[in-house]
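Hello! Here are some friendly notes to go with the model you are about to open. Please keep it on screen while you read through the points.

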Amino acid sequence: QNVTISFSSPLGRGSGLVTWNSGIEVDIVGFNIVELTNKGERIQLNPAIIRCEECFTGIGHTYSYIIPKHKSGRNIFIEMLRVNGIVQVFGPAQRV
């Protein structure tokens, strides 16, 4: 999982484009983009789960998602939700 954030998103200033890729997509339900605050709070930035694109093929996929009103790009992580309920966390996103 390579997680990056860019501030040259189509929505303009203050928004960020988060990009990540998955390896083999087996038993994955989908993804969440979360911010982990300095106090350890988890803030989900996407309103609904980002569905797995290659669940039936098993190959990897590159995902992009725009998060509005996020200027710093710090502490952004990807949660990968698996069918068995396990949540794997990747990141933090690296600025590009």
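**Notes on strands and backbone**

1. Four strands, in the order 6-2-1-9, make up an open sheet with mixed pairing. Its edges are strand 6 and strand 9 (94-95), each of which pairs on one side only. Strands here are DSSP runs of E with at least two residues, numbered from the N terminus, and two of them pair if DSSP finds at least two bridges between them.

2. Before going further, a word on the basis: this is a predicted model, in which local features need pLDDT of at least 70, side-chain atom pairs count only at pLDDT 80 or more, and totals for chains, interfaces and linings use all residues. Residues are numbered from 1 along each chain as its sequence is written, and side-chain values use heavy atoms, with hydrogens and water left out.

3. Strand 6 (residues 62-67) is antiparallel to strand 2, and 6 bridges link the two. To find this pairing on screen, look for asparagine 21, whose bridge partner in strand 6 is threonine 62.

4. Moving on through the sheet, strand 2 (residues 16-21) also pairs with strand 1 (residues 4-6), again in the antiparallel sense, over 3 bridges. Here serine 6 has leucine 17 of strand 2 standing opposite.

5. In which sense do strand 1 and strand 9 pair? Their pairing is parallel, with 2 bridges. Threonine 4 has glutamine 94 as its bridge partner in strand 9.

6. The loop between strand 8 (87-90) and strand 9 contains proline 92. The peptide bond joining glycine 91 to proline 92 is cis, with omega at about 5 degrees. If you set up this model for a calculation, that bond is one to look at on screen.

7. Aspartate 27 is not a glycine, yet its phi is positive, at about 55 degrees. Aspartate 27 sits in the loop between strand 2 and strand 3 (28-36). With a relative accessible area of 35%, aspartate 27 is partly exposed, a class that falls between buried (under 20%) and exposed (over 50%), using a 1.4 Å probe and protein chains only.

8. Where does asparagine 75 lie? Asparagine 75 is in the loop between strand 6 and strand 7 (76-82). Although not a glycine, asparagine 75 has a positive phi of about 60 degrees. Asparagine 75 is partly exposed, and its relative accessible area is 29%.
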